[in-house]
Amino acid sequence: MKQFKRTTVTSALPYANGPVHIGHLAGVYVPADIYVRYLRLKGEDVLFIGGSDEHGVPITIKAKKEGVTPQDIVDRYHNIIKKSFEEFGISFDVYSRTTSPVHHQFASDFFRKLYDKGEFVEKTSEQYYDEEAGQFLADRYITGECPHCHAEGAYGDQCEKCGTSLSPLELINPKSTITGSKPVLRETKHWYLPLDKHEKWLSQWILEEHKEWKTNVYGQCKSWLDMGLQPRAVSRDLDWGIPVPVEGAEGKVLYVWFDAPIGYISNTKELLPDSWEKWWKDPETRLVHFIGKDNIVFHCIVFPAMLKAEGSYILPDNVPANEFLNLEGDKISTSRNWAVWLHEYLEDFPGKQDVLRYVLTANAPETKDNDFTWKDFQARNNNELVAVYGNFVNRALVLTQKYFDGKVPACGELTDYDKETLREFTDVKADVERYLDVFRFRDAQKEAMTLARIGNKYLADTEPWKIAKTDMERVATILHLSLQIVANLAIAFEPFLPFSSEKLRKMLNMPSFSWNDLGKINLLSSGHQLGTPTLLFEKIDDSAVEAQVQKLLDTKKANEIKAYKPAAIKENVTFDDFCKMDIRVATVLECTKVPKADKLLQFKLDDGMGGRTILSGIAQSYPNPEELVGMQVLYVANFPTRRLKGIDSEGMILSAEDADGRLVLVQPSRPVTNGVNVG
RNA sequence: GGCGCGAUAGCUCAGCUGGUUAGAGCGCAUGAUUCAUAAUCAUGAGGUCCCCAGUUCAAUCCUGGGUCGCGCUACCA
């Protein structure tokens, strides 16, 4: 394996439209922090880069909704995020933001360099334009009816009700969110990064030279490379972001996904204005990106292509991507407020940073999605941190206090059993390292915990409280060794549980730690005065976790109520307009799922005129379509025929969307003749 | 639908290039113990390794097909 002189560690930039939650922590920040603390403790040269990602359309929309500026939004969340990271002990060397002047200049220069080198291609395409506002509309500035679930308020890129990704051109009755007017298509020019031109070296670099990447990462990259890469737009028509530094590009900004990863570099520059380059350009620097699985393609393909196109940068050596963490069985969601927010956790559980760090690491979604439950949180705290780790420390310190006035007793002759115990625990260092080096934090932490298990067993087997009645010299040796194990625990857990290690370090009255001391049995010398023992961890009782569960249940209920919020009334239409709509009644003759389409049902209707076929995207709400046969439905009869999946669809069947996103077909309250008009 | 990743004990997960009784932690049962936050220590119960077929002397592991979960992507009047 290649030897490096230093390591640059980045963690995905959290998007500043909301606070940070446990999913972010488990997936990215806790593992990155453990890794960085480990390297630092080993005395390696390492830089840990973080920052808020503050551009992009969702922020402008949130700002508009709240009647404030985008800057207000990002200021609010950047401050919450930054403060909560600090309090939680995520040990960034720098935590800046993409609205910083340094970043703006840097990203702008970066783009310009690629532009001047001819690394982009320019393309003109048709996009929606708001004539009243005089601007192009980014995907999320267009809303309309979702063509699938017919929910109002679907965005141009995604319907939040049914979760489908969309293109703005697919929306029914598109509307500008700025003025409410109907947008028109207009030509606009954008810059694209021709990923296809980078395909060859990317394949070689990832598929041949980085077979050691995690399977999820490698597999995802291979899939993209095998499909063939397409040019990717790197600019947008928007006024919130970094202006495209090219003549004639007024009103255009860098696409947020282009500017965000550059933030890793500009934040480094902000911290180290004179020496940042060695962290990004020296081939002896190892670059590691910690991300979640949704970011794989960006960090493994697009960003490296940007760096390569620029020409002077190193490429990531590894991109450890985690899977997702669920919460009490449901996907974590910022918009649905289904999350444990870090800043709230810190308020609800003051001084318990390490408990959350421990639980998130013990249950980290390293190989597949995992579930966080408060019950598990409580159990791991009470049964592992308190019972195993905290208890062992407490036993050793209390016994020392009791028999030796808190002074480390002298070590006498070692028995075979002592030696055996020592051998076991000196292995722990190598095991922890072996796991940390390949980003297996869950196993690494478990391995550290075996130190405490060894200690507990040692005390149970040697029974110093019994021997104290006859042989104090032997007790001295037993406690001497036990205290060495305690000191080792403090070091081994520093990357994982920094607050507890610090607390323990003070209890032991140790000046400092080094990773290289791990495994040694002379960390505390005889006669050394220990500090006052206090409890390292406290039990968490039922009421505390029940309160958290209740909080989530309340959220769920609130979400349901909120989901019922009816959409705003559309602008008025005339009676004549309405009469143009030809809505009729028909009876379902046949209803089947369309093959090779997840969401389409094919209806054969008796419309009183010889029958017609209509496709409707409601399959997910009706898993047993045959049950619909015989039912009467309403449909729009005068839409032009549309061909979908090779089938002509002659109209649109009407359905209502329930608060939970399920689609419900609308039917007459009493049977009526097929083909009659609705009006 | 296409592609990727996953599916192993009640729960959360290990399991190297296929090879005797498939492992760990928690939970559970029984026993021991009391220095310790009723914590600890020992022992034990508990598994059609998602399903089907194939390759092989031998499959949890390889191949093909399927089911379920998640991500990316498409379709969704």
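Residues are numbered from 1 along each chain as its sequence is written, chains are lettered from A and ligands numbered from 1 in the order in which they are written. Because the model is predicted, local features need pLDDT of at least 70, side-chain atom pairs count only at pLDDT 80 or more, and totals for chains, interfaces and linings use all residues; side-chain values rest on heavy atoms, with hydrogens and water left out.

Chain A contains 19 helices and 27 strands. These elements are DSSP runs numbered from the N terminus, with helices being H or I of at least four residues and strands being E of at least two. The C-alpha trace spans about 105 × 65 × 45 Å along its principal axes. Of the 679 residues, 54% count as buried. Buried stands for under 20% relative accessible area, exposed for over 50%, and partly exposed for values in between (1.4 Å probe, protein chains only). The accessible surface comes to about 30700 Å², and carbon and sulfur atoms contribute 50% of that area. Areas were computed by the Shrake-Rupley method with a 1.4 Å probe; for residues, only the protein chains shown count as cover. Among contacts in chain A with a separation of 6 or more, 73% join residues 24 or more positions apart. A contact requires heavy atoms within 4.5 Å.

The largest nonpolar core holds 170 residues. Such a core is a set of buried Ala, Val, Leu, Ile, Met, Phe, Trp, Tyr and Cys residues joined through side-chain atoms within 4.5 Å. Leu25, Phe85, Phe258, Leu356, Phe372, Phe377 and Tyr389 touch the most other members. Beyond its neighbours within four places in sequence, Phe372 contacts Ile22, Leu325, Asn326, Leu327, Glu328, Val340, Leu356, Val359, Leu360, Asn363 and Phe377. A second, separate core has 18 residues, among them Val588, Phe603, Leu628 and Leu663.

Two helices were compared with their expected spans. That span is 1.5 Å times one less than the number of residues. Helix α16 (residues 472-492) has 21 residues and should span 30 Å; its end C-alpha atoms lie 30 Å apart, in agreement. Helix α16 is also mostly covered, with 19 of its 21 residues buried. Helix α14 (residues 441-462) has 22 residues and reaches 32 Å from first to last C-alpha, close to the 32 Å expected. Glu463 follows α14 and has a positive phi, near 45°.

Side chains of opposite charge can pair when their charged atoms come close. The whole structure holds 37 salt bridges. Each places a side-chain nitrogen of Lys or Arg within 4 Å of a carboxyl oxygen of Asp or Glu. Arg97 and Asp75 pair at 2.7 Å, N to O. This bridge links distant parts of the chain, with Arg97 in strand β3 (residues 94-97) and Asp75 in helix α3 (residues 70-88), 22 residues apart. Arg97 is buried at 17% relative accessible area, whereas Asp75 is partly exposed at 26%. Glu538 bridges to Lys352, with the closest N and O atoms 3.1 Å apart. Here 186 residues separate the partners: Glu538 is in the loop between α17 (498-508) and α18, and Lys352 in the loop between α10 (342-348) and α11 (353-362). Lys352 is buried, at 13%. Arg440 pairs with Asp443 at 2.8 Å between the closest N and O atoms. Arg440 is partly exposed, at 40%. Shared partners join the salt bridges of Asp33, Arg37, Arg357 and Glu494 into one network.

On the surface, Val573, Phe575, Phe578 and Met581 form a nonpolar patch with about 420 Å² of accessible area together. Patch residues have over 30% relative accessible area and no salt bridge; like charges are joined within 9 Å, and nonpolar side chains (Val, Leu, Ile, Met, Phe, Trp, Tyr) within 5 Å. Val573 sits in the loop between α18 (542-563) and α19 (575-580). Val573 is exposed, at 60% relative accessible area.

Positive phi values also occur in loops. Asp405 has a phi of about 55° although it is not a glycine. Asp405 lies between α12 (374-404) and α13 (416-436) and is exposed at 57%. Asn509, likewise not a glycine, has a phi of about 60°. Asn509 occupies the loop between α17 and α18 and is partly exposed at 42%.
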